[in-house]
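These notebook entries record what I looked up in the structure shown below.

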Amino acid sequence: MKNWRKTILTLTFLGGAVFFLPSTILLLTGMAPSIVASFIDKTKERLKALTVGCVNLGFCFPYWLELVQGGHTPEKAMQILNPESLIVMYLGAGLGYFLEWICVYASVAMTQKKNRGRLKSIEKEKKALTEKWGVEVTGNYPVDEQGFLIKTDETQAVS
Amino acid sequence: MDVDAIQTACISSVIKNMSDEKAEEIEDTPEKQEKKSKKPQSLWFKDVIEIFPQEPLSYLDRGPAKAFAARGKKSESLYVLVCFDKGLVPRIEDTSKFTGLQSPYIGLLKASGTLFWPDHGAEVYIFVYENIYNARLLKNGSSLAMGLKDEIVKTVIFPSILSVLEDVRYYDFVHGSICAENLYFLSGSTSSEAVTSSDKIGVGECLALPFGYAQHPTYLTAERCLSHPAGAGTGMASDDMYALGATLAVLMRKYDPLEGLSRKEIAQAKLELGSFTALIGKNRIMGSLLELMRGLLNDDPYQRWDIEDLITWRDGQRVGVKQPGVKRYKAKRPITLVDKKYLRPEILATDMPENITASEALIENGELLQWMERAIGDKPFIHEVQKAIEAGSVIHNASSKTIKVALVGGALGNAMPLMTQETAFLSEGFGKLMVHDYIHGQDMSFHIDVINSQVLMHWIDNYTIGGLDYGGLATKLGNCYNSLKQQGLGYGFERCYYILAGDAPCLSEAYKNYYIRSPEDFFWALDDLCLKGNVPRYPVDRHIAAFISVRDRQMIDAYLIDLNSADEKIKNLALLKTLATLQFRSKLPAAKGLSAWVADTLGQSLVKSFHDRDRRKEILGKLQKLKTSGNMVKVAELFDNNAALKKDYREYLGALQNYQSLERELEFTEKIVAKPGKHGAGGGRQIAALLSALIGGLIIAGTLVTSLG
């Protein structure tokens, strides 16, 4: 059932791509970095591909509008696809890549800082528990059925 | 059995006192004189009786119980008898009966109780009597033969004793100290040396010592002579009659035919010759008192005159003859035990404990039974001895040989004590003998064997004459036997002392300076020790626990299991609850020593019942506020709070879980911090996607606006 649906979608997409050939030529070329990103991104959410794709699309859109306003012909598409336009379109993709990298870097750094802070607060909490309930709360010393330390040399030293 | 040494010490202690006093005066050093001058001149008893410890009245001493002058609030002349020896249990149970005596020939009991005696450094039990006595009739050190004329005895001395005995009979108790040494010239007598017809003679007291302890063997039946003075039992009315007869003999005879003989030899002489012949010997006794003495000194307690017979005789009427109740056997041929020949089985019984091995051989090889069959021939008697041999054969402990020989000895006589080489006692005297032996440092293993073997049950069933509550004694012995099976606090051998000797004080070594007779006394003794800072390591030891449990089980039995706990917290809490129960049930006033001790010492251990350290501090704070209150109930409530303990435990479990989860989180977080990787990247990607969508959207929108605008 899923395969059948997938086949229909693929056929529909291919049909659409052929029908709208000039847009396909333009976008396929202009959004090549996004296509690459979708292959690179192995995550489930595919957020990297989305990040690169959104900015890339944004930078491709004026050219696509020009294509649509210029007749929407393959020749027009080829005419638009010059080095300057390609640089602009790929610049957008690059911006997407950079955005994704900077955001991930910042997020990881903040998480690391937060974890270090958490470590300190865990130690404080443990110390507070030990002060309130005694070393027996650590579970590291032998206790009787009521939870009190069983007298040994070790427990005598710490109690 | 060094009974004779004890007896000699009892009877001649007065001589020692008098000579000691003189010796002290001569040998007084300046230090001693200074010490004497610091001794209190008087002590107050119950705020109404003034006692003078520096004024001994040696003529009123009763063996180890010493007499001192005293004065009542209305300046009446009194004297006090001080029971210094804790091992000799006074007859406190008879105090209420003695108080009712009306005879003018005996000093009334004014008060009794415990008092701290400075010279002794401990509490003692005292009896305070009306002092109606001038001098002793029989001077110290004199021979037991006064040679008085029968007229004087009959008109001056005998009526006094009879008056006392009538009163004693009315109040249903036994005097137990009728003897020449306990007769006194009363106030109003014209002399204090030789008795004249115008003199008045009175009888001394009888409560300060166990029954028969201070009696010379002359005044005791043969069976009671054979027992240890502390194990002579509780006595019966017939013993008073016998003692009266012996007293009359001493008063009237000119020489003592038994002088110099040991306690056992006197008993043997009485068994061999009969008491009357043994006590009178070749003395010529004339007059009407002869018939009286024969009646009173009858060795058969069933035929012996009783108080009714005495009154009948006094009124000039003839006393009827009674049926004999006791058989005494004399064999046709002797039996030999260690080169000595015996014709009387009861005399053989007195020597058997001295020769256990030879006696056992006589029993085991059948020689004894053979001799009885051939030379005595009384089948029921032989059957009794057979029963005794069988009863002895089933006992298997360290003392089995001794007990077996003792059983056979009991069967050979009439109402004999249980005799061994070291000791001897009647069944009802076993309890007080145990107390005596324990206080005097004797080995108690034999006593334990006696209880474990239940030999006294056999004794009660077979070797007692009657007249006492043997059923009650059998129940007590059964309780002792069961108690020995349990070794926890409150049971064991210690419990046996207090079951069998109802008036015994607590024998705990930790409280040796206190005369503890009730759970309340223990409460105050411990309070006193707390105030002095001398609290024993185990305030409730085996003796205290057994003592309180026997005297009033509701005070302590509920806590015995916890008192036996190895956990200090549980044990200490049980101790605190015991003290609180004592104070509450007995409505005792504030005990500041105890509350201070709990606050400063016990509290530190008790508070560890709580896990929460903050709660511990809070409770210790409250405890400090109650330190001077003396209210043990309120103190106990701080710790004996089940709801608070449960809550504490629940919260502790929660804290335990909390700690464990923190540990897990710590471990996980440390790993991430050590190798961050892409941890936290997901959020960044989402933000990047959002931003890029925003940028893309803005560009598209801007483019559209520009192109359409």
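The entries below cover the contact between the chains, the salt bridges, the nonpolar cores and single residues.

**Conventions.** I worked with a predicted model, in which local features need pLDDT of at least 70, side-chain atom pairs count only at pLDDT 80 or more, and totals for chains, interfaces and linings use all residues. Residues are numbered from 1 along each chain as its sequence is written, chains are lettered from A and ligands numbered from 1 in the order in which they are written, and side-chain values use heavy atoms, with hydrogens and water left out.

**Entry 1: the contact between the chains.** I first looked up how many residues each chain brings to the contact (heavy atoms within 4.5 Å). Chain A brings 44 residues and chain B brings 51 residues. Between them the two chains bury about 4,000 Å², 68% of it on carbon and sulfur atoms. Buried area here is the accessible area (1.4 Å probe) that two parts lose on being put together, summed over both. I noted that A:Lys126, A:Trp133 and A:Phe148 supply 16% of the area that chain A buries against chain B, more than any other three residues.

I then listed the polar links across this contact. There are 16 residue pairs in polar contact between chain A and chain B, both residues at pLDDT 80 or more. A polar contact is a pair of N or O atoms within 3.5 Å; within protein, one must be able to donate a hydrogen and the other to accept it, and residues adjacent in sequence count only if both atoms are side-chain atoms. On the side of chain A that touches chain B, helix H4 (47-69) and helix H6 (83-133) each supply at least two residues. H6(A) gives the most, with 21 residues. Helices (H or I, at least four residues) and strands (E, at least two) are DSSP runs, numbered from the N terminus.

I also counted 6 salt bridges between the two chains. A salt bridge is a side-chain nitrogen of Lys or Arg within 4 Å of a carboxyl oxygen of Asp or Glu. One of them joins B:Arg613 to A:Glu136, with the closest N and O atoms 3.2 Å apart.

Entry 2: Side chains of opposite charge can pair when their charged atoms come close.

B:Asp378 pairs with B:Lys327 at 3.1 Å between the closest N and O atoms. This pair links distant parts of the chain, 51 residues apart: B:Asp378 is in the loop between helix H14 (367-375) and helix H15 (379-393) of chain B, and B:Lys327 is in the loop between helix H11 (307-314) and strand E10 (335-337). Is B:Asp378 buried or exposed? It counts as buried, because its relative accessibility is 13%. Buried means under 20% relative accessible area, exposed over 50%, and partly exposed in between (1.4 Å probe, protein chains only).

B:Glu618 and B:Lys622 meet in a salt bridge of 3.4 Å, N to O. Both lie in helix H28 (residues 613-625) of chain B, 4 residues apart, about one turn of the helix. B:Glu618 is partly exposed at 38%, and B:Lys622 is partly exposed at 39%.

I also recorded a network of salt bridges that links B:Lys264, B:Lys340, B:Asp351 and B:Glu354.

**Entry 3: nonpolar cores.** A nonpolar core is a set of buried Ala, Val, Leu, Ile, Met, Phe, Trp, Tyr and Cys residues joined through side-chain atoms within 4.5 Å. The largest has 203 residues, and those with the most contacts inside it are B:Ile157, B:Leu310, B:Val385, B:Phe522 and B:Phe639. Not counting residues up to four places away in sequence, B:Leu310 touches residues including B:Phe158, B:Met241 and B:Leu296. Apart from this core lies another, of 15 residues, among them B:Phe45 and B:Phe68.

**Entry 4: single residues.** Most residues other than glycine have a negative phi, and most peptide bonds are trans. I noted that A:His72 has a positive phi, near 55°, and that B:Asp47 has a positive phi, near 65°. B:Asp47 is in the loop between strand E1 (43-45) and strand E2 (49-56) of chain B, and counts as exposed at 59% relative accessibility.

Last, I looked up B:Arg328, which is in the loop between H11 and E10 of chain B. Its side chain has a polar contact of 2.9 Å with the side chain of B:Glu346, and a polar atom of the B:Arg328 side chain lies 3.1 Å from the backbone oxygen of B:Asp299.
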